[in-house]
Amino acid sequence: MSKESRRRQRTTGQTPGGVPTPSRPTDTTPPNRTSEGQGAGSSRPASTSGAGSVRTGRRERARVGPRPSFFQRYRTPILVAGVVGVIAIVGAGLFSAATQPVVACSNVWEPTPSAAPGAGASPQPGYVQPNNGGAHVTVGTPITYTYCPPASGRHYNASAQGPIQPRPYGPDDAVIPQGWLHNLEHGALVILYRGDSPTATADGQAALRAFFDDYPPSPVCEFQPGTSVGPVFARFDQMAWPMAAMLWGRVLPMDELDTAAVLEFDRIYGERTNPEDLCPDKRVSPSPSAEPSASASAAPSASASAAPSVSAAPSASASAAPSVSAAPSASPS
């Protein structure tokens with residue numbers, strides 16, 4: 001067989017004996033090579049496009065969204081810090097309120113001794129204290145008084161808070177100037193005692209209650225004790241004396257309870273110095289005999305002011321009269 005015959009047989013797929021040879025699929029992939037994008041041993045099939053064609057796989061590119069804001073990234077820490085800050089502020093406020101003193105004073109008041117009254121002048125009980133106003137404030141408002149004990153100043157105007165119920169209050173009762181100053185504003189008498197004074201003892205309290213039970217009607221309006229705004233007996237520690245009787249704008253210091261001095265003090269000035277009058281139809285000024293002379297300066301004598309107690313009251317002739325009978329009938333006209 002010639003070379004030309006053998007070439008034709010190979011071209012037609014026949015064997016030299018005339019039997020056609022089976023065709024083999026064409027493999028276009030080079031040996032030991034993998035498709036682009038597939039590693040050796042990868043099970044990921046190659047994508048195809050078109051009939052019989054093999055295409056390499058595409059690597060998907062990650063999509064980039066909008067960048068989150070600072071608050072979005074740190075939202076939890078910011079919220080936690082805010083809650084902690086609010087708790088800290090509230091706690092500090094509560095601690096400050098709990099530790100703030102009930103009564104704050106700029107000065108413990110001690111009046112300057114005055115000259116002796118002139119010849120023929122009546123000694124006047126008590127001292128005039130500089131006016132500190134009398135505005136009404138909301139209950140709980142912090143107040144710092146210029147002078148203590150205060151005979152005037154800002155105070156509460158609320159039921160059972162100011163004026164307070166007129167009665168004797170014990171050493172453990174929570175009574176503050178913000179309440180009884182309103183009683184003074186209406187003309188009431190207030191007696192204060194320190195917690196270290198004899199009046200704070202059991203015997204002293206018994207004497208104070210007995211004095212309240214026997215107290216006469218008020219000198220001008222003739223109110224029975226406990227029926228209006230006075231009298232009020234209460235503990236107050238921030239003062240220079242063991243005791244003090246108070247009227248609006250006026251203070252009578254005492255070393256111990258002197259009922260005669262208190263009654264004379266109330267008879268002359270009670271319900272006459274206060275700015276709010278509960279009985280304006282009966283309002284009168286202190287009588288001329290009760291007005292101090294120029295040399296007296298509206299205060300006790302020098303000997304009395306040096307040790308304000310019983311001697312800070314009127315003279316013996318003046319203080320012998322006051323008792324229950326020194327009630328309104330004895331008031332100056």
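**Reading a predicted model: patch, disulfides and salt bridges**

Modeller: Let's start on the surface: Phe70, Phe71, Tyr74, Ile78 and Leu79 make up a nonpolar patch, with about 500 Å² of accessible area together. Helix H2 (70-73) and helix H3 (75-99) are the elements that give two or more residues to this patch. Keep in mind that this is a predicted model, where local features need pLDDT of at least 70, side-chain atom pairs count only at pLDDT 80 or more, and totals for chains, interfaces and linings use all residues. Residues are numbered from 1 along each chain as its sequence is written, and side-chain values use heavy atoms, with hydrogens and water left out.

Colleague: How do I read "patch" and "accessible area" here?

Modeller: A patch takes residues with over 30% relative accessible area and no salt bridge; like charges are joined within 9 Å, and nonpolar side chains (Val, Leu, Ile, Met, Phe, Trp, Tyr) within 5 Å. The areas come from the Shrake-Rupley method with a 1.4 Å probe, and for residues only the protein chains shown count as cover. Helices (H or I, at least four residues) and strands (E, at least two) are DSSP runs, numbered from the N terminus.

Colleague: Where does tyrosine 74 sit, and how is its accessibility classed?

Modeller: Tyrosine 74 is in the loop between H2 and H3. Buried means under 20% relative accessible area, exposed over 50%, and partly exposed in between (1.4 Å probe, protein chains only). Tyrosine 74 has 40% relative accessibility, so it counts as partly exposed.

Colleague: What about cysteine 221 and cysteine 279?

Modeller: Those two form a disulfide, with sulfur atoms 1.8 Å apart. Cysteine 221 is in the loop between helix H5 (202-213) and strand S7 (232-235), and cysteine 279 is in the loop between helix H6 (259-269) and helix H7 (302-306), 58 residues apart. With a torsion of about -85° about the S-S bond of cysteine 221 and cysteine 279, the disulfide is left-handed. Cysteine 221 is buried at 7% relative accessibility, and cysteine 279 is buried at 7%. Number the bonded cysteines in sequence order and the pairing reads 1-2, 3-4.

Colleague: And how many salt bridges does the structure hold?

Modeller: Four, where a salt bridge is a side-chain nitrogen of Lys or Arg within 4 Å of a carboxyl oxygen of Asp or Glu. Among them, glutamate 222 pairs with lysine 282, the closest N and O atoms being 3.7 Å apart. Glutamate 222 lies in the loop between H5 and S7 and lysine 282 in the loop between H6 and H7, so this pair ties together parts that are 60 residues apart in sequence.

Colleague: Which residue does arginine 267 bridge to?

Modeller: Glutamate 264, with the closest N and O atoms 2.8 Å apart. Both lie in helix H6, three residues apart, about one turn of the helix. Glutamate 264 is buried, with a relative accessible area of 4%.

Note on methods:
Disulfide = S-S within 2.5 Å.
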